[in-house]
Structures are given as C-alpha cells and as structure tokens.
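Student: Please take one part of this structure and describe it closely, together with its surroundings.

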Amino acid sequence: LRDPVVATDGHSYERRAIRRWLATNALSPMTGTKLTTEVVVPNLIVARVARCFRGGQAEDEKSEDSTPNPQEDLAVAPGELLAAAVRLDRAACMDLLARGVPDI
C-alpha cells in the first residue's frame, strides 16, 4: 500500500483503487453495504507499517529476542506496533504482527 485510506465501512483501501470503485458504486467492496459517504480518510498506522515493510531491514533479518512459537510471546502492548513502525524496525513489525496486534 502506498496511500492507504479508511472508508466508512471501516476497511482500508488503496486511495486510487477505492476512488475508482466509488466512481461507479455506492456499496462497500468488502461488505456490500451502502457507504454513508464517499469521503475517505488517511490510515496513518497502515501507511507507517507499509513504509516499514518497504524500507525496513532485510527480509531475512529477524528479531534476536523472538521465540520460535509466537503463542509463547507476551501480549502486544497498545502502541507497540506504531512505535516499531515509527522506528522503521521491519523485524519488530513482523514479529508484532505475527503475535497478533489487537488494535489493527
């Protein structure tokens, strides 16, 4: 994603794609329900995470403190994913996403 936005259905879309869709549809492409407005707002957290994936550490680098089984890791604290994305720490973002982030 280069320019993620959120529509009134609560789902995230690439801005250009949802604009194209909304030019000929009044329904959500995800839920099929009528959208209350064509206004979309930037999805800042998704944009930061996407930027982290595009420009972060090499794909084969892993966090040294991760365990082989994500279920054994502690719960992800609120804001932890955002902090990793701001640091552009790709390995941490991947680890947090694998563990399950409740606020996405």
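Tutor: L88 is partly exposed, with a relative accessible area of 42%; partly exposed lies between buried, under 20%, and exposed, over 50% (1.4 Å probe, protein chains only). The model is predicted, so that local features need pLDDT of at least 70 and side-chain atom pairs pLDDT 80 or more, while totals for chains, interfaces and linings use all residues. Residues are numbered from 1 along each chain as its sequence is written, and side-chain values use heavy atoms, leaving out hydrogens and water.

L88 belongs to the loop between α3 and α4; helices (H or I, at least four residues) and strands (E, at least two) are DSSP runs numbered from the N terminus. Although L88 is not a glycine, its phi is positive, about 60°. Most residues other than glycine have a negative phi.

Beyond four places in sequence, C93 touches C52, F53, L81, A84 and A85, contact being heavy atoms within 4.5 Å.

L35 sits in the loop between α1 (15–22) and β3 (41–42) and is buried, at 8% relative accessible area. Setting aside neighbours within four places in sequence, L35 contacts T8, D9, L22, A26, L27 and S28.
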